[in-house]
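Okay, thanks for coming, everyone. I'd like to walk through the side-chain contacts in this one, so let me put it up on the screen.

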Amino acid sequence: MKSKNKIDWNFHINFSPLYFVFAVMILMAISFNAEAEEIEEVVVVAQQVTTTETDPLTETHLISKVLPAYTWTAGGYGAFQGYNERGAQTIHTTVYRNGIPSNEPGSAWYNFGVDVVTGEDIKIISGPNSVVYGSSSIAGTVLIKDTITKGFTLGAGSNSHRYLNLAPTNWIQYTELGVDNQARNDNTEVDAYSNKNVKLNVDVQDFTITAKFTNFEYDYDNCFDSSFESTNNCVQDGEKYNVAINNEYFTIGRTHQQSEYYSGDWMSYSNESSTDYVRIGDQTNLSQKLQIAYGVDGSQEQYESLNNEKHTRDNYGAYLNINAEFALNYNFGFRVGNEDQNAMRFGIEKNQFFFNAGTSYRRPNLYEINGDGFVDANLDLLPEEAVGYELGFGVLSIFMYDFEQAIEYQPGYSEDVVTIDIDEEGNATSTTTTVYNNAKYLNTGAYQTKGFRYSQTFGAFGVMLKATDTEQARVPKYVAVLSYNQDFGSHNVNATYTGAYDRKPGEYDGDELEDLEKLNFGYVKTFDSNVQLAINLNNVLDEDTEVLPGYGTQGREIKLTIQRRW
């Protein structure tokens, strides 16, 4: 363990001026007298994948449920995990948790690395969906709904893997995970990760109130202490919460993330961000063949970094989505937002055939524009605009995204500047000075990503094949997922092979990156309808692979889990 070892449950909730407006909207929404259900999903024409409720009996990483092709995380449990399944950057897939947009304002991504499976319903909508789900959603949308089922789950395993999930009622749940990583492959130091969270889910008259509070601590290697000397005594201490109030017509809530980075007792960096959000909308059937969804939404983003500079901005817009059936099923969508955050989409569908196309507009995030003590500001950054296409038939789809402009991180660098001075007699002397340029976010022009997806089940067997052609680094060109899941009376046997091949290295990754492969095996015994015992063997073949330079796989993992429902 590193020197900093504490869990702070004092969550810092800062109320913005938008909450006054939110309160008024709540009173307006009550007059609708709606039934308690979320309007977090608007039906669109796309390839949609719905997962059943996530189950801590068989899985710990939430990213494994969202992205079945997931193999390894560089840095182990708690390290960053982004979703860029279609070859676009992680910032082009938006995540909604309980109806609230949850991508971090300071980065525009959603970090699944600090999410533990606690019981969630997940739906993934592919294709360009920016009309309904706003900026950053052109490559897809992930909808997460927190659920609570009474009972408990206990797990233990190798690498000091410890898991506890306890729900005494259907409205409150406590979950705790602890595991020892070996974050890097160039040392044998133990790097601990702990995650504790509390979840609430309460119905109050016509409204559903959901809340999830998470506190985590992640040990990692290769940072700098207060003397700017390299050390492995590094800790990230963070918290995250999501609070939402929903009914059929109305959503209001907040997401918040905060992280502090320590080298020993010295805090080397910190950041804090939040999004306050409100949506009012409705879906109406004008006839059996004509449905419309319409609404308005607004959010206020806040981001604060180590130098205590707080940056705030507002986003708001109105959307209209029309589904019509005349020989084919048609989908038309329009969105108008501030700062030219406008989008449109068109889709058609007939039986298993579907096609959709749409535009997207992503404002540079607050960190990209304003930077901090380590990254220079760039107030002239252009937004990212794109057009996306998706064509599919049942289990097969092909896609293409054309980005007119990209925003990418340029690391700091040193350069020699030569100054020439000429004296009164015409003699020239030169002086060479080494100047360091801070890191900065820059526009890097157009790029394209395209590929195909195939996913089908044959009885107990499942096959998923993917090919992606993109200029983005570290994205595998080919992916294969082969699975088997079969019940034999009260026994369940399952196995999954995942492979990620031909990963394009980034600028600092060397000449090539290794292929990633993993074979997992699971067995579940059901003793009665409420008691189950599971044995999970991950990385059966004990693959020793370098995920990224300096970061390797975690080796074979064995987990024993028991679950009791009541």
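So, which side chain does arginine 362 meet in a salt bridge? The partner is glutamate 384, with N to O at 2.7 Å. By salt bridge I mean a side-chain nitrogen of Lys or Arg within 4 Å of a carboxyl oxygen of Asp or Glu. This pair links distant parts of the chain: arginine 362 sits in strand 20 (residues 353-362) and glutamate 384 in strand 22 (residues 384-393), 22 residues apart. When I number strands, they are DSSP runs of E, at least two residues, counted from the N terminus.

Before I go on, the ground rules. This is a predicted model, where local features need pLDDT of at least 70 and side-chain atom pairs count only at pLDDT 80 or more, while totals for chains, interfaces and linings use all residues. Residues are numbered from 1 along each chain as its sequence is written, and side-chain values use heavy atoms, with hydrogens and water left out.

Back to that pair: buried or exposed? Arginine 362 counts as buried because its relative accessibility is 1%, and glutamate 384, also listed at 1%, counts as buried too. The cut-offs there are under 20% relative accessible area for buried, over 50% for exposed, and partly exposed in between, with a 1.4 Å probe and protein chains only.

How many salt bridges are there by this rule? The count comes to 17. One of them is between lysine 240 and aspartate 115, at 3.7 Å from N to O. Lysine 240 is in strand 13 (residues 234-246), and aspartate 115 is in the loop between strand 3 (100-101) and strand 4 (120-125), so this bridge ties together parts 125 residues apart in sequence. Lysine 240 and aspartate 115 are both buried.

Another one joins aspartate 146 and lysine 199, with N to O at 3.6 Å. Here aspartate 146 comes from strand 5 (residues 141-146) and lysine 199 from strand 9 (residues 191-204), so to speak two distant parts of the chain, 53 residues apart. Aspartate 146 is buried, and lysine 199 is as well.

On to the aromatics. The structure holds 21 aromatic pairs. For a pair, rings of Phe, Tyr and Trp (its six-membered ring) need centres within 6.5 Å; planes under 30 degrees apart are stacked, over 60 edge-to-face, and the rest tilted. Take phenylalanine 207 and phenylalanine 250: the ring centres are 6.4 Å apart and the planes are at 90°, which means the pair is edge-to-face. Phenylalanine 207 belongs to strand 10 (residues 207-220) and phenylalanine 250 to strand 14 (residues 250-263), so the pair ties together parts that are 43 residues apart in sequence. Phenylalanine 207 is buried, at 10% relative accessible area, and phenylalanine 250 is buried at 0%.

Now tyrosine 220 and tyrosine 261. Their ring centres are 6.4 Å apart with the planes at 80°, so that pair is edge-to-face. Tyrosine 220 is in strand 10 and tyrosine 261 in strand 14, 41 residues apart. Tyrosine 220 counts as buried at 17%, whereas tyrosine 261 is partly exposed at 22%. Both are in a cluster linked by ring pairs, made of Tyr193, Tyr218, Tyr220, Tyr261, Tyr269 and Phe374.

What lies over the face of tryptophan 72? That's lysine 518, at 4.1 Å from the ring centre. Lysine 525 lies over the face of phenylalanine 527, at 5.6 Å from the ring centre. The rule for a charge over a ring is NZ of Lys or CZ of Arg within 6 Å of the ring centre and within 35 degrees of the ring normal.

Let's move to the surface. Tyr294, Leu320, Phe332, Phe334, Met344 and Phe346 make a nonpolar patch there, with about 510 Å² of accessible area together. Patch residues have over 30% relative accessible area and no salt bridge; like charges are joined within 9 Å, and nonpolar side chains (Val, Leu, Ile, Met, Phe, Trp, Tyr) within 5 Å. The areas come from the Shrake-Rupley method with a 1.4 Å probe, and for residues only the protein chains shown count as cover. Strand 18 (328-337) and strand 19 (343-350) each supply at least two of the patch residues. Phenylalanine 334 is in strand 18, and is partly exposed at 42% relative accessible area.

Last stop, the cysteines. The structure holds one disulfide (a pair of cysteine sulfur atoms within 2.5 Å). Which cysteine is joined to cysteine 223? Cysteine 234 is, with S to S at 2.1 Å. The link of cysteine 223 and cysteine 234 is left-handed, with -100° about the S-S bond. Cysteine 223 lies in strand 11 (residues 223-224) and cysteine 234 in strand 13, 11 residues apart. Both cysteine 223 and cysteine 234 are buried.

Terms used. Helix = DSSP H or I, 4+ residues; strand = E, 2+ residues; numbered from the N terminus.
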